[in-house]
Amino acid sequence: MPTADPRFAATLAHGLDVLEAFAGAPAVLTNAALAQRTGLARATITRLTTTLASRGLVVPAGEGRGHRLGSGALTLGYPLLAQLGLRRIARLPMKQLADALGASVSLGMRDRHRMVYVETWRNNDPLTFQPDLGAPLPLLDTAMGRAWLATATPAEREAARAALSDVEGAQAHRFDGVLREAQRQWAAQGFCHSEGDWLPDVHAVAVPLRITLQGGHLLLNAGLPARRLAPRALQREIGPCLVQLARTIEADWRRALLRDGAGQPPAVPPAPAWLVGHGPATARDMDPRDGGFARTLAHGIDLLRSFAPGEPVLGIRALARRLALAPNTVQRLVHTLVARGYLRRDDATAGYRLAPAVLAAAYPMLSGLPLRRRARPAMLALAARTGGAVSLGLPHETSMIYVETAWQTDARLLPPDTGAPMPMLQTAMGRAWLASVDHAMREALLHRLRLVQPEAFARLWPAASSAMADCRRQGWCSSADFRPEIVAVAVPFSRPVEGLRYVMNCGVLRDQAADARRLAQIGGWLRETVAALESAEAQN
């Protein structure tokens, strides 16, 4: 999209260029590196990163080393994930198949010229590519992309062809040949496959689901290391298993529609009260009023932050009221965000929804946290030992967010989505984090909570302060205040890892932690796990 187009907000687009520059790059980038990757001047980069930092999308890496993506990049996509209720229905059967095959099983949808994962369960084999939430995959070289091509409508294929020509013109000439082979595979076997066509050590199969959500088709794929596959095992064993998984998920989804009434997707609850004050208005009140701040970029990010789980579709006028901006200004922002794949038009309402590019923007943040990968085996072992769900979390503004989770087979323990903001004062994870930081950092955040959520603060502070005291005394704290049916136990890391202060928690069903001895046992196991990880980190 040429920036000469008067409908296009170039400053917003440049800010998105900076966010997207972290894809396929080191976790930390200096201004010079960002300038080189985007083609923008260093002074412009400074202005853009200052603005992105005000929204938590980038954070300083420390000691003047540059910037890394912040946890705010994860929270942008949370409302989109929350609307895809199929993910929670599919998560357990996906995990079961992944465990049975030793595979990575993922759910994805198309984003313009590529595919993006919206759910994944991965095994621990060290592959070239680690599947993860928001991971972008090429359309032509992957099983998922080919399965999408084989079953898309002609109009959808032409839109994908045009998008591919815009960004990867050299690849567009392959489109028709790949399409013919994908259609042949689909007709012959009911799934598509890729044998090292994208990554030499990964073979994969993919199946479309006969389910359309938010105007997009969802697909399943399963990937395995090539070295573990016998000849034609992909076609003879893995593909049929994935087809059966697709039929199971479709049947579960139909039952959910009937159970929740009128054949409509399961309802998403409105944003909880503790999220009030989390969005654009709060941030805007603190914006600087000088030339070092890119207000158009800030407005564009605030527009994306305006969407909530219970408000998936917003029109121009609603956005204008929410942002206190003129409708024509909002129209320019929306036009730019649609062009870049962060929003899409909702044909049924003529409003706009978040689109998969908001997830792809967060993928470098997740993949740039090596502790997640190193901690996962220990987290899986602890989940098996406790019968619970074990998670790693980081702070974001006045909340905590999960960045990694390991759990077993009890669907009642499905953890919150990656990137879902959880209240700092109400959760064991938040209380443990508050107990672990220095006095100045803690008081600054508590002051903000008092201002933004005064009633919630008054109600929750006695229990939160008691839990913080417990954490300092015994190294862990607990809470059943967030989800009454679940008791969570949390342990903070004693020192930052890669400059970030993590907390690990374990959630178990309330009847599995009915007495103080059981809680203390789980707390002790958590402390041992965190201590072992910290020891390993110190040796790296």
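**Exercise 1: A threonine in a loop**

Thr142 sits in the loop between strand E5 (136-138) and helix H7 (143-151). Keep in mind that this is a predicted model.

Task: Is Thr142 buried or exposed, and which residues is Thr142 in contact with, leaving aside its neighbours within four places in sequence?

Solution: 
- Step 1. The relative accessible area of Thr142 is 5%. Buried means under 20%, so Thr142 is buried.
- Step 2. Setting aside neighbours within four places in sequence, Thr142 is in contact with Leu137, Ser194 and Trp198.
- Step 3. The Thr142 side chain also reaches the backbone nitrogen of Gly145, at 3.1 Å.

**Exercise 2: Aromatic pairs**

Task: How many aromatic pairs does a search of the whole structure find, and how is the pair of Phe457 and Trp461 arranged, stacked or edge-to-face?

Solution: 
- Step 1. The search of the whole structure gives three aromatic pairs.
- Step 2. In one of them, Phe457 and Trp461 lie 5.4 Å apart centre to centre, with 10 degrees between the planes. Planes under 30 degrees apart count as stacked, so this pair is stacked.
- Step 3. Phe457 and Trp461 are four residues apart in helix H21 (residues 454-474), so about one helical turn separates them.
- Step 4. Phe457 is buried at 9% relative accessibility, whereas Trp461 is partly exposed at 26%.
- Step 5. Phe493 and Tyr502 form a tilted pair, 6.0 Å centre to centre and 55 degrees between the planes. Phe493 is buried, with a relative accessible area of 1%, and Tyr502 is buried, also with 1%.

Definitions and conventions:
Residues are numbered from 1 along each chain as its sequence is written. This is a predicted model: local features need pLDDT of at least 70, side-chain atom pairs count only at pLDDT 80 or more; totals for chains, interfaces and linings use all residues. Side-chain values use heavy atoms; hydrogens and water are left out. Rings of Phe, Tyr and Trp (its six-membered ring) pair if their centres lie within 6.5 Å; planes under 30 degrees apart count as stacked, over 60 as edge-to-face and the rest as tilted. Helices (H or I, at least four residues) and strands (E, at least two) are DSSP runs, numbered from the N terminus. Buried means under 20% relative accessible area, exposed over 50%, partly exposed in between (1.4 Å probe, protein chains only). A polar contact is a pair of N or O atoms within 3.5 Å; within protein, one must be able to donate a hydrogen and the other to accept it, and residues adjacent in sequence count only if both atoms are side-chain atoms. Contact means heavy atoms within 4.5 Å.
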